[in-house]
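I opened this notebook to record what I looked up, entry by entry.

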Amino acid sequence: MLPLKNLTISGLLTESQKAVDNLTHLAMDRRVRLAVTGLSRSGKTAFITSLIHQLLNGLDGANLPFFSVIAENRFLGTKTMLQPNMEIPAFQYEQFVATLTGEKPEFPKATDGLSEIRLAIRFQPANFISRQFSKTATLYLDIVDYPGEWLLDLPLLNLSYAQWSEQIFAFCKQEPRSVLAAEWLEYLNSIDLNRSADEDTLRKASHLFTTFLHGCRAKNTGLSYLQPGRFIIPGDLKDAPILTFCPLTAATGTPAKNSLYEVMEQRFESYKELVVKKFYYDHFSKFDRQIVLVDMQKALNHGSGSFADMQSALQGILNSFSYGSSNLLARLFQPKIDKLLFVATKADHVAANQHPNLERLLNRMVVRPVNEAVFQGVEVKTLALSSVVCTQTVVRDHHGRRLSFVKGMPIGRTEEVMLFPGEIPEAIPSLADWEENRFNFLDFQPQKYGSGGTIPHLRMDQAIEFLLGDKLI
Ligand SMILES: Nc1nc2c(ncn2[C@@H]2O[C@H](COP(=O)(O)OP(=O)(O)O)[C@@H](O)[C@H]2O)c(=O)[nH]1
Ligand SMILES: [Mg+2]
C-alpha cells in the first residue's frame, strides 16, 4: 500500500500497472512442483507414466471425467518440455510408455533413485479476471519421483550414533530380523572395535549390514521399516565411503582415536549432514504438492508382522509432513507443501466392491500424522486408484454367495485366472484375525488395448483434479 503523501497520479499508475502485471503473470504462467513418493515397488513409475500419458492424450479421448479443465472444455493440450535441472536424471517417460503400450505390454523395469520431468499444460482460464489478460494460460508442471525409503532417514537427525545403534540392535532381537542379522552380528563380535580402522573391515561390516537390510525387504520377508534409506536405495551414492558404516555397540570409555567405532561414528554424522539434510534442502524444501503411494496388498499378503512394519514405515514417512510435531524440518527450512494425496495403488488387484475398504484401511493407517498435517493447513485426501488397469471384476455365485472375482493374466503365466484374492478389511486387523494365507494378491500383466485408446486407469482423474484442478482455473 502507498502512503497517502505519495498518492500522485504517476504513483497510482505505477501501482495499478504493478497489479496488472501481477494478475497477467498469474493468468499466464503458473508452476507446480509435484513430488511422487512411496516405498520401492509401490507403483511410482507406473503412476507417473500413466499420469503423463493421460495428460498428453487429454484432447483425444483420455477418460478423465473428473478433471474439470477437460470436463469444462478448457483444456488445450499438454507437452513434455526440456529438462529443468541439469543435475537430476530425467524420468524416462518415452521408454516407459513404449514398454507399457507395446505389442506385448509389460510394466517398466524397476528404477532407482530420483528423477524428474517437466510438462506444460495449456488451458483457457475459467476465471473472469484471468481471461481479460489472456485467452490461454500455461501451467508448468515438474514431476519428481523419489524413493520413500529416503524419508525414513528423517528421525536419524535427532539421534546420536550410540542411540541409533542401540535402536537397531533392539530391533534385531525380534524375528524375523534376528535370524537375518546373525551373520552380520557374528562378524561384529569377532572384531575389536577399539583397534585402528581400516577400509577392509569398514567395508566388510557395512556390506554385511546392507545384506541384512536387503534380506529384510526381500519378497518372502516383506519388511519396510529399514534404515538408513541410502543403504537400500543408494541412488548416486552407490559404493561411496559415506555408506560404509553400520551400528556398533559402544566400547567402554571414550573410543580411541581412529578406532573403528570413532570412524563409523564420524561417517554416521557425515551421512546425516551430507545425505539426509542435503536431500531435504536440495529437493524436499522445493516441493509444492506431494503424493504418497502405498501398496496395501503387499502389506496384507505377508501377514501381521509385515503389515505392522509397513504401518511403522508409513508413519515414519509421514513425519516429514507433520510440520508441527516434528519441528525437525521447520528448523531446517519453511516447508511449503499445501496438498498431500495418499494413494492405495494397484486397486485393480482387488474387485471393484473392495475399493471403499481399501481407502478406509489406508485412512486408518495414516490417521495420526494426517490429523497433524491438516492442523498445519495442508489439504489431505485419500484415494484407491489404479494407474494401469490389468484386470476385470467378474461377479459370480459361489457356494450360494455372490462373490466378486478378479480376472486377469498373472505376471509370468500364460493363461488367465479368475481369483478371489480375499476381502479387504475396513479396519486394521487384530492379531487374532490374521489367518494363514488370508490374502492372496497376485501381480498382473498389463493388457493390450485397442489402437487409439489410452492406458486404462481407475480414478487417475480424481487424483489429477485434486492435485492440479485449482491451478487450472
Ligand atoms: N495391476 C497393477 N499393477 C501395478 C500398477 N502399478 C504398479 N503395478 C505393479 O507394481 C510393480 C512396481 O511398480 P513400479 O511403478 O515400478 O514401482 P516403483 O518402484 O514405486 O516405481 C509393477 O512392475 C507392476 O507389477 C497398477 O496400477 N496395476
Ligand atoms: Mg520406479
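I took a residue as near a molecule if its C-beta atom, placed from the backbone, lies within 6 Å of it. The model is predicted, with local features needing pLDDT of at least 70, side-chain atom pairs counting only at pLDDT 80 or more, and totals for chains, interfaces and linings using all residues. Residues are numbered from 1 along each chain as its sequence is written, and chains are lettered from A and ligands numbered from 1 in the order in which they are written.

Entry: ligand 1. I found 21 residues around ligand 1, of which Gly43, Lys44, Thr45, Ala46 and Phe107 come nearest. Helix H2 (residues 44-56) gives the largest share of this shell, three residues; helices are DSSP runs of H or I, at least four residues, numbered from the N terminus. I sorted the shell into six nonpolar, ten polar and five charged residues. Here Ala, Val, Leu, Ile, Met, Phe, Trp, Tyr, Cys and Pro count as nonpolar, Asp, Glu, Lys and Arg as charged, and the others, Gly among them, as polar.

Entry: domains. I read domain 1 (28-146 + 283-389 + 454-471) and domain 2 (160-279) from the domain assignment of the chain, such bounds coming from an automatic or database assignment. Their centres, taken over C-alpha atoms, are separated by 33 Å. The contact (C-beta atoms, placed from the backbone, within 7 Å) takes 16 residues from domain 1 and nine residues from domain 2. On the side of domain 1 that touches domain 2, helix H13 (residues 304-318) supplies the largest share, six residues. By class, I noted six nonpolar, seven polar and three charged residues on that side of domain 1.

How values were computed:
Helices (H or I, at least four residues) and strands (E, at least two) are DSSP runs, numbered from the N terminus. Two residues are in contact if their C-beta atoms, placed from the backbone, lie within 7 Å.
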